[in-house]
Amino acid sequence: MSVKRAKTPETLRSYRWFRPDDLRSFGHRSRAMQMGYDPSDWSGRPVVGIINTWSDINPCHAHFKHRIEDVKRGVLQAGGWPIELPALSLAEQYVKPTTMLYRNLLAMDVEELIRCHPVDGVVLMGGCDKTTPGVLLGATSAGLPAIFLPAGPMLRGNWKGKTLGSGSDAWKYWDERSAGNISSDDWSDLEAGIARSYGTCMTMGTASTMTAIAEAIGMTLPGASSIPAADSNHIRMAAACGRRIVDMIWDDLTPDLVQTRAAFENGIAVAMAMGCSTNAIIHLIAQARRAGADIGLDDFEKASRKVPVIANVRPSGETYLMEDFYYAGGLPALMQRISKHLHLGAMTVNGRTIGENIATAEVHNDDVIRTLDDPIYREGALAVLKGNLAPDGCVIKPSACDPKYLKHTGPALVFDDYPSMKKAVEDETLDVTADHVLVLRNAGPRGGPGMPEWGMLPIPNKLVKQGVRDMLRLSDARMSGTSYGACILHVSPESYVGGPLALIKNGDPISVDVAARTISLDVSDTELQMRRAQLKTPKPRYERGYGWMFNRHIRQAHEGCDFDFLETDFGRPVDEPDIF
């Protein structure tokens, strides 16, 4: 028995380009034939755009050069016509000052690639930190059927028989080198052993956090988010994405049918259970706002009180990495464990609900994916703090810091920029103790610019040599999801636009109480008013170009750092282009 589809060949979007009997469509068809295609390649077939964020300098996506062929194979198997559309490739390790400056540019790139080309749906290839939210933001605004193909984590690192985790162990062993505990030769061997295959960070950094969220909100195939990049299952998953998008086009299964408020609440719950990156908050809020869902910091705070961390993966966990997580059952197994906190009726891109997708999922290692009764941290991975220092909120990852700093008061040691901070912490005569609160400002969305990952301020060398490995740090910056420690981030509004962080002076007492979700600058309101009156307008960061546009339209951290003009008319795509 045939199944009635929502689309017919005549109602495909690409039909407007290729079918009419006019001069313009003659040009479209003749130019396709110029490239060696035959009318049978497109006639009556959905055209699938494959948004590929591969580049020669993106190690997380090095395998996409080959995976693109696997996706095309799947599209052809299902009766579609695949066309590759290269998009901006944001290599986290190399792009300066920060990839966050360009997340929205990638989103615009993807949205316009989809809108201006004769495609009926898209496969989105991403994984490196900002590419997942970037491609999803763009596809959400474009409004055509879309499925996300995660890059997958790299294999675990190795050094002298020790398992290494990207990012997390880099910070750890850099402190040991600064303390004189490891040699330059050891450091060189670490460089060679910490990242030994293509793929994203294999710790629970921003990459694995965001691909897990993409799966939790229903935008990937079940189990796709944690398949190691070098595993042959990843090749099969790529082809399966190609096959599935063709059916999604015929069924007209668009992002707005998947990305509901319930879906984003699922994403938040999964993020908390995973021990997620703090960056999850910014990206998920931006994604939800694009989809028309009113998600904000309060939703994260509610979830953090209910959903414990059960993924024993570094840096919140102490032992395991993403490879272990996948073989322990992966995200479907974790979602099964926290199913009472999920909206099981939420739709996903495979046409089934979350509940249906995880119904038979099993955990194969209870130490990697813990039970709710035996978590690695009793509350969610993140906590949202508010107070006179952060009236619009700030974020800490209590699951990955020394518990003694969860309630702390200490004197501020303030830095106005990263270079002066870096110089000071290397000075072994610096007047600092482990009780101090290191403060970095002018590192937010506009001040950074782009809100760089400077929030894990280095421990001063003087203290490192005394054995100190954590202390309270405060900034309007972000930090890598692979980072750890008592770092308070995303202070909003940022100091560059006159937020309270701009008013702190050296020695001011700062109090933090994570259990009470409070942060305060213990200085009188009268004194703060006097200081505010003396503030000077900072020098503009850019005089032209993309940076100029960025600084005039970027929203603050608690709003997702999207451009204000991209949020217009929530959930409504721009009209289709005219074809004359």
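Visitor: What makes F18 and W81 count as buried or exposed in this structure?

Guide: In this predicted model, both F18 and W81 are buried.

Visitor: Why is the pair of F18 and W81 called edge-to-face?

Guide: The ring centres lie 5.7 Å apart and the planes stand at 65°. Rings pair if their centres lie within 6.5 Å, and planes over 60 degrees apart count as edge-to-face; therefore the pair of F18 and W81 is edge-to-face. This pair links distant parts of the chain, with F18 in helix α1 and W81 in strand β2, 63 residues apart.

Visitor: What makes the aromatic pair of Y37 and W81 edge-to-face?

Guide: The rings of Y37 and W81 are 4.9 Å apart, centre to centre, with 75° between the planes. Edge-to-face requires planes over 60 degrees apart, so the pair of Y37 and W81 qualifies. Y37 lies in the loop between α2 and α3, 44 residues from W81.

Visitor: Why is Y37 described as partly exposed?

Guide: The relative accessible area of Y37 is 29%. Buried means under 20% and exposed over 50%, with partly exposed in between; Y37 is therefore partly exposed.

Visitor: Why is strand β3 said to be largely enclosed by the rest of the structure?

Guide: Six of the six residues of β3 (residues 121-126) are buried, so the strand is largely enclosed. G121, V123 and M125 point one way, while V122, L124 and G126 point the other way. In a regular strand the side chains alternate between the two faces of the sheet.

Visitor: What makes T254 buried?

Guide: T254 has a relative accessible area of 10%. The cut-off is under 20%, so T254 is buried. This residue lies in the loop between α10 and α11 and touches G143, L144 and P145, not counting residues up to four places away in sequence.

Visitor: How do you know that the side chains of T254 and D256 make a polar contact?

Guide: The contact between these side chains is 2.5 Å, and the cut-off is within 3.5 Å.

Definitions and conventions: Residues are numbered from 1 along each chain as its sequence is written. This is a predicted model: local features need pLDDT of at least 70, side-chain atom pairs count only at pLDDT 80 or more; totals for chains, interfaces and linings use all residues. Side-chain values use heavy atoms; hydrogens and water are left out. Buried means under 20% relative accessible area, exposed over 50%, partly exposed in between (1.4 Å probe, protein chains only). Helices (H or I, at least four residues) and strands (E, at least two) are DSSP runs, numbered from the N terminus. A polar contact is a pair of N or O atoms within 3.5 Å; within protein, one must be able to donate a hydrogen and the other to accept it, and residues adjacent in sequence count only if both atoms are side-chain atoms. Contact means heavy atoms within 4.5 Å. Rings of Phe, Tyr and Trp (its six-membered ring) pair if their centres lie within 6.5 Å; planes under 30 degrees apart count as stacked, over 60 as edge-to-face and the rest as tilted.
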